[in-house]
Amino acid sequence: MTPPVDLPKHGPSVIAGVIQRLSVSQLKRHKLCPRAWFFQKVMRVPEPSTGAQQVGTEGHAQLEHFLSTGEDVLGTFARAGAHLLPTPGADLLVEQELDGNPPLTAGCIPFTGFIDLVDARRLASDGVLRITDHKFTSNVASNAASAEQLADADTEPGLQMVGYGAWALSQVERFPGLRTLELEHLYYQTRGQRLAASVVATVPVEHVAHEWKAKVEPQVEVMKEHAQAARASDVPANYGPACGKYGGCPFMAKCLTGENKTMSLRDKLLNKVSESAPLTVAAVERDAPELPAVLPPDAPTPAPVQTAPEVAQATEQPAPKRRGRPRKAAEPEQPKGEMRVLFVDCIPTVFDGPKPEPLTSYVDTMHRKVAEAGGVDDVRFAGGDSVLGFGKWRGALAMAARAEPPCKGHYFVLGLAQSELTQVIVEALEPTFDIVIRGIR
Ligand code: SF4
């Protein structure tokens, strides 16, 4: 077993198949898809930052500055949740590092990371500690976790919050008399109406201790095994909704090209794609040099995975400098002529650029490919005995669209609400467009 040791903060977290340190983000990634975690932390395949991440980073920086100093630097998204925040003050633990002696561990592996906000104002009087994680999301109603999920380490959001709660439990001297934890996700909506919502799970400390022992400790043991895999294809893949979450898995191209036996439908889809795709993510990846499964400590940084451009989102005002975790570098701007633009339920009457084309033929083509691969005429009517049945066609269609996005250019779709096929494809492709413009009725 690897004993807890003092580790450099920015070194690799996995060395030669041995996990050196963990974070709740790693737990979440592994829970979502073990293979995606392997790509990220063992193979250390770089991930491009997305427009959504940029919005979240700016919002977090504003909240950190506001809660620490009281100076109102909140942008429009964060401001919608100002009434849900505690009064700013130096006693709030903002961007709290998961530090401490002894550190929080699972399977003898120490955890590192940062918590957005720890509020200990009711600790002395009521034994209550509130732990808050700010979440910037496109749609609060559809993306917010429930209070039950926040308390359950078998869920992705619960893993995160139980992890933070477990850290608080491990800091006995810092939080004396701790009896109850309020685990909060504070959501800020970034599209449409400006609104915010708080979801709180109130749990006794015994609950968190039990979740950590019964669910997180065993997961870490599984992660140790997965870290020693020789190839990504030896690590279980969680095909399905996980592939499309958070704007699409950044490792999809590697995942698909590395798979050769277990996913016949995927193979068929991929073959269909490679027959006709002029230059897709998958095609680029096939030519890329193969990365070793586990990088030695002195290995050169692998070449970035080439993916389609990320969706441009509304930007916030420049954020104040953050004290805690390091920020990701912004992506370089794309030349205007090489942009992907999508008009949804609207067409420009005057436009400074190429004339938009309907996305209809692309939708039909992708539908035909998926239907053929699944052996059905229309994916929407695939029976329960089909690999596309029980709604699985949606994931397959989304995967095919991401693997073979339309060429760069300007497109439009009309009547989105009336076409389920188009809805699935537009949702899958949104992150690959530089600009998405929606008509408002
Ligand atoms: S594409 Fe899907 S199955 Fe493959 S690594 Fe990503 S999330 Fe996992």
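In this predicted model, helix H14 (residues 360-374) packs against helix H15 (residues 392-403) at an angle of about 125°, and their axes lie 10 Å apart. H14 and H15 are therefore oblique to each other, and their crossing is right-handed. On the H14 side, the contact involves Met 366, His 367, Lys 369, Val 370 and Gly 374, which meet Trp 393, Ala 396, Leu 397, Ala 400 and Ala 401 of H15. Sorted by class, the residues of this contact comprise seven nonpolar, two polar and one charged.

H14 also packs against helix H16 (residues 420-429), here at an angle of about 95° and with the axes 10 Å apart. Because angles of 65 to 115 degrees count as roughly perpendicular, H14 is described as roughly perpendicular to H16. Val 363, Met 366 and His 367 of H14 make this contact with Leu 421, Thr 422 and Ile 425 of H16. Its residues fall into four nonpolar, two polar and no charged.

Attention now turns to the ligand. The residues around the ligand are Cys 33, Arg 35, Ala 36, Ala 237, Asn 238, Tyr 239, Ala 242, Cys 243, Cys 249, Phe 251, Met 252 and Cys 255. Helix H2 (34-42), helix H10 (241-244) and helix H11 (252-258) are the elements that each give two or more residues to this shell. By class, the shell holds 10 nonpolar residues, one polar and one charged. Both domain 1 (14-227) and domain 2 (240-321 + 331-438) contribute to the shell around the ligand, with at least three residues drawn from each.

Technical notes
Residues are numbered from 1 along each chain as its sequence is written. This is a predicted model: local features need pLDDT of at least 70, side-chain atom pairs count only at pLDDT 80 or more; totals for chains, interfaces and linings use all residues. Axes are lines fitted to C-alpha atoms, for helices over the stretch in contact, and angles run from 0 to 180 degrees between N-to-C directions. Helices (H or I, at least four residues) and strands (E, at least two) are DSSP runs, numbered from the N terminus. Angles under 35 degrees count as roughly parallel, over 145 as roughly antiparallel, 65 to 115 as roughly perpendicular and the rest as oblique. A crossing is left-handed if the near helix is turned anticlockwise from the far one by less than a right angle, and right-handed if clockwise. Two residues are in contact if their C-beta atoms, placed from the backbone, lie within 7 Å. Ala, Val, Leu, Ile, Met, Phe, Trp, Tyr, Cys and Pro count as nonpolar, Asp, Glu, Lys and Arg as charged, and the others, Gly among them, as polar. A residue is near a molecule or strand if its C-beta atom, placed from the backbone, lies within 6 Å of it. Domain bounds come from an automatic or database domain assignment.
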